Amino acid sequence: MASARGEFSSRFGFVMAAAGSAVGLGNIWGFPTQAASNGGAAFLVVYLIVAFTLAYPALMAELIIGRHAHANAVTALRQLSNTAPQRLIGGTTGLIGLVVASLILSFYAIVAGWMMAFCIASLATLAGADSLALWLTDFSLERNILGMVAFMGLTVAIIARGVQDGIERWSSRLMPVLLLTLLLLVVYVLTLDGAMDGLRVYLLPDFGRALAPDLILKALGAAFFSLSLGVGTMLIYGSYLDDRQNLPLVGGLVTGVDIGIAVLAGFLVLPAMYVALHNGVEIFTAGGELISEDTLIFTVLPSLFASMGIAGVVVSLFFFFLMSIAALTSSISMLEVPVAYTVENHGVRRKQAALAIGACIGLASTLILLNFETLFGLVVAVTTRYSQPLIGFVFCIYVGWIWHRDQLLQELRKGNPEVARGLFWKIWPWWVRVVCPLIILAIFAQSLL
Ligand code: TRP
């Protein structure tokens, strides 16, 4: 059975794939803009604390369940169950996770389609095809659908190839490209006039804002989204890990890369905003608040690039290329959730499953695009604000309360015989059992209010 399943060929491959999933639009856009409007460095500190104390333990819960079962979330949660009701709840949670992963992909593919359109528009500008560039950057139904379909096509093509040839190979190729592109952009932007003002905002803490209670919860939501938790993505990636891997260590590496890239992206986005301000582009509302996140990325940055002449076109090309790559290594991890289930539990061939499910999600995206004003925000809120924390809560309950402690230890020992003596085993088991569920409930209660 295990040999028929895919498996990552190395620790590097796994870390690239899981970090590729984690690093996405959430890190490169979401985190920096939230930091900008919520107290700069103080938000950064809160985010770091939340990421290591809550998101990392929750990530470990998913990785351990997945690696133990070597199966998708539906099968894995059923396996951990001791009674029929537990089995039912476990299986249902897995299925809901699969639907949520698909819905997240349905809006993510729309935004990623815009990123690709902006990237190709820069190429068109360089080639002198100005009317094409204009069409690509203008908000139209045709452009939106074309971008989404192109992006879904790439996602399906990678997932159809499976774990090693698809997910691992492409993540290992694309992640270094992403890091390099990001570094180049950071270095370039920091040389421009106005960049230092952005740096100051990013690095000078305003604790008054960062310690507001809703802000801590915001940081928590951002960290959960950023580590791809609460839909079974990390569970399924964990299921492709071999038993020799030291789980607390690989989980720590993934968390570290994810946070590192978010922090690094802050050195690009905040200075870029203030460079834009320096060049006469509006970034604040009349009330002194930062203008909304989506407006920032699709109007502020392009007008910044436009004010920089030909160099701006090249920088724009790099920037939207970076965003497209980050989105692609994330979207494949969403599509893998329903595809893995369909392949393993219903015997469908991977290519067919990827194509059929990809088509259904593309249809859902089209529906969202046709009713953009009502559906887009709704789908984002239902999936990320409500479903992710709740499903993450169930994962923690299964690891903390339903799974037997000695079996849990046995699973951890496989890749790390000394684990019982370390700090991880002293803290983590009761932490996922008590602290994580309580705090997740707190986020949930908050979002209901
Ligand atoms: N973590 C990714 C980002 O920051 C998005 C992502 C990938 C995701 N897979 C996920 C979010 C699963 C929620 C669930 O952009």
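**Questions about a predicted protein chain**

Me: Which residues does Phe319 touch, leaving out those up to four places away in sequence?
Reply: Residues are numbered from 1 along each chain as its sequence is written, and this is a predicted model, in which local features need pLDDT of at least 70, side-chain atom pairs count only at pLDDT 80 or more, and totals for chains, interfaces and linings use all residues. Side-chain values use heavy atoms, while hydrogens and water are left out. Touching is a contact, which here means heavy atoms within 4.5 Å. When residues up to four places away in sequence are not counted, the partners of Phe319 are Trp29, Leu185, Leu268, Ile297, Leu301 and Phe305.

Me: How many residues make up the largest nonpolar core?
Reply: A nonpolar core is a set of buried Ala, Val, Leu, Ile, Met, Phe, Trp, Tyr and Cys residues joined through side-chain atoms within 4.5 Å, where buried means under 20% relative accessible area, exposed means over 50%, and partly exposed lies in between, using a 1.4 Å probe and protein chains only. Phe14, Ile65, Tyr237, Leu268, Phe319 and Trp428 touch the most other members of the largest core. Another core lies apart from it, with five residues, among them Ala117, Ala124, Ala133 and Leu136. The number of residues in the largest core is 162.

Me: What is the radius of gyration of the protein chain?
Reply: Helices (H or I, at least four residues) and strands (E, at least two) are DSSP runs numbered from the N terminus, and the protein chain has 19 helices and zero strands. The radius of gyration is taken over C-alpha atoms, and the globule rule is 2.2 Å times the number of residues to the power 0.38. For 449 residues that rule gives 22 Å, and the chain's own value is close to this, so the chain is as compact as a globular protein of that length, with a radius of gyration of 21 Å.

Me: Is Gly162 buried or exposed?
Reply: Gly162 lies in the loop between helix H7 (141-160) and helix H8 (163-190). Although Gly162 and Arg350 are 188 residues apart in sequence, their C-alpha atoms are 7.3 Å apart in space, and Gly162 touches both Ile167 and Arg350 when residues up to four places away in sequence are not counted. Because its relative accessible area is 5%, Gly162 is buried.

Me: Is Ala127 buried or exposed?
Reply: Ala127 is found in the loop between helix H5 (84-126) and helix H6 (130-137). Its C-alpha atom is separated by 21 Å from that of Leu301, which is 174 residues away along the chain. Because its relative accessible area is 66%, Ala127 is exposed.

Me: What is the relative accessibility of Gly251?
Reply: Gly251 has its place in helix H13 (residues 247-278). With residues up to four places away in sequence not counted, Gly251 touches Tyr56, Leu59, Met60 and Leu63. Gly251 counts as buried, because its relative accessibility is 0%.
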